[in-house]
Amino acid sequence: MYQQLTTGKLLPAVLGTAMLAWGMSAQAQAADSSAFNWKLSGFGTVGAVHSSNPHADFTTSPLKAHGAGYSESWSPDVDTRFGAQLDASYGRWSAVLQVVSEQRLDGSYRPLVEWANVKYQVTPDLAVRAGRIALPIFLAADYRKVGYIVPWVRTPVEVYGGQPLSGSDGVDLTWRWNRGGLRNTTQAFYGHIDLNLYNELRLQASGIAGLSHSIEQGAFSGRISAGTASLTTDIGKGLFTALRAFGPQGDVLARRYEIVDKRIQLLSAGASYDPGDWFVTAEGGRTRTHSLLGDMSALYVGAGMRFGAFTPYAGYARARAETSATDPGLPLAGLPPRAAATASALNAGLNAYLFSMAAQTTWSTGVRWDVAPNMALKAQYERVRPEDGTRGFFSNTQPAFRSGEATHVTSVALDFVF
């Protein structure tokens with residue numbers, strides 16, 4: 001494992017992140033601290049994951065190249081990441097820059113700018129931001145990639161893995177207000193994002209708009225969010241072009257499943273209660289995509305107890321496909337033999353895409369050990385079962401992979417912040 005973590009694809013990214021942090025620190029030391037405040041911080045996870053399924057990769061995001069199982073019995077790529085963040089403020093103005101290095105779809109660890117925005121505090125309760133901003137969709141929206149903050153090894157894949165986009169380029173407005181002992185935060189946002197995934201394969205989301213409302217009172221916190229966006233990507237472009245060659249029936253299938261200017265909607269809600277010695281948290285959501293990505297509902301519930309430096313915990317998560325993972329496709333009756341063979345292959349290709357809908361159930365248990373200030377060691381076991389005739393959140397599936405069969409996943413992770 002040590003050799004894997006020091007290969008050329010990861011070490012340059014780690015060194016690059018460290019050099020960036022050093023450079024920002026050197027510049028900040030020259031600033032006038034009486035008028036300008038700054039803070040440099042960082043976070044990271046060094047992890048290893050084992051999967052019992054040799055016919056697919058267990059992973060946490062469709063934007064990762066590979067994971068544990070088929071590609072590697074033990075993989076460091078599932079959870080390992082490093083990040084650096086610079087916060088600066090001057091009067092009512094403040095800014096943040098966050099850079100994160102983790103595995104990408106091309107297998108590299110090239111750092112990506114996660115946040116880069118400027119905020120103006122209009123009043124003590126009202127603020128406006130512009131730039132690259134975290135989407136306030138889930139409870140852990142602001143820290144979903146900072147493993148040290150969450151009690152488990154990773155945020156539940158069934159809920160968070162279905163939403164790989166964590167930010168957008170645009171503006172947001174945040175209003176904080178109190179009523180009846182409740183601390184309320186209402187946030188409206190609007191923006192877009194354009195990502196180069198791999199080999200010029202792009203993912204574009206325009207008109208990202210939504211509203212989020214959070215409440216806090218004592219040990220309780222909750223959030224409800226709603227959002228929408230117009231999604232476009234070239235995934236399946238060749239298939240849909242070929243389907244249209246079969247006339248109106250093929251055109252209907254192409255328009256139904258292609259991801260071109262498809263309006264997606266998301267609704268999520270979550271709550272957490274943490275009085276100190278124990279905690280319980282639950283979250284759920286529903287996504288409608290009007291495309292081959294399908295419609296999905298997801299939820300998780302988790303709880304744990306704190307015994308000094310040790311926190312044992314358990315959880316349950318489920319993602320359910322709300323649309324069929326199969327389609328009869330083009331009718332073959334009456335077609336000439338050569339056309340029928342082509343249509344049959346296209347139908348198989350379409351169903352291969354639909355098979356990638358992410359529906360699965362996970363039971364998990366683990367323990368967190370806070371070994372030192374700002375450092376936690378975690379060990380976690382999960383029983384993961386893809387459902388609804390899909391591959392769940394697994395990737396690189398092979399012919400022997402079977403939906404409905406359980407996979408045993410073991411994870412260890414060292415989280416830190418500085």
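Colleague: What relative accessible area does P312 have?
Modeller: P312 sits in strand β16, where strands are DSSP runs of E with at least two residues, numbered from the N terminus. Buried means under 20% relative accessible area, exposed over 50%, and partly exposed in between, using a 1.4 Å probe and protein chains only. P312 counts as partly exposed because its value is 34%.

Colleague: What kind of model is this?
Modeller: Residues are numbered from 1 along each chain as its sequence is written, and side-chain values use heavy atoms, with hydrogens and water left out. Local features need pLDDT of at least 70, side-chain atom pairs count only at pLDDT 80 or more, and totals for chains, interfaces and linings use all residues, as this is a predicted model.

Colleague: What separation do the C-alpha atoms of P312 and V367 have?
Modeller: Contact means heavy atoms within 4.5 Å. Leaving aside neighbours within four places in sequence, P312 is in contact with residues including F307, G366 and V367. P312 and V367 are 55 residues apart along the chain, yet their C-alpha atoms are separated by 4.1 Å.

Colleague: Is D327 buried or exposed?
Modeller: D327 lies in the loop between β16 (310-321) and α6 (337-354). Beyond four places in sequence, D327 touches L253, R256, Y257, L350, N351 and L354. The relative accessible area of D327 is 10%, so this residue is buried.

Colleague: Which side chain makes a polar contact of 2.5 Å with D327?
Modeller: A polar contact is a pair of N or O atoms within 3.5 Å; within protein, one must be able to donate a hydrogen and the other to accept it, and residues adjacent in sequence count only if both atoms are side-chain atoms. The side chains of D327 and R256 make such a contact at 3.1 Å. At 2.5 Å, the partner of D327 is Y257.

Colleague: How is α4 directed relative to α5?
Modeller: Helices are DSSP runs of H or I with at least four residues. F240, L243 and R244 in α4 meet residues in α5, among them L253 and Y257. Helix α4 (residues 237-244) and helix α5 (residues 248-257) pack at about 155 degrees, with axes 7 Å apart. Angles over 145 degrees count as roughly antiparallel, under 35 as roughly parallel, 65 to 115 as roughly perpendicular and the rest as oblique, so α4 and α5 are roughly antiparallel.

Colleague: Which residue in the turn between β5 and β6 has a positive phi?
Modeller: Seven of the ten residues of β5 are buried, so β5 is largely enclosed by the rest of the structure. Ten bridges pair β5 with strand β6 (residues 93-102) in the antiparallel sense. The two strands form a hairpin with two residues between them, and the positive phi, about 60 degrees, belongs to G91.

Note on methods: Axes are lines fitted to C-alpha atoms, for helices over the stretch in contact, and angles run from 0 to 180 degrees between N-to-C directions. Two strands pair if DSSP finds at least two bridges between them.
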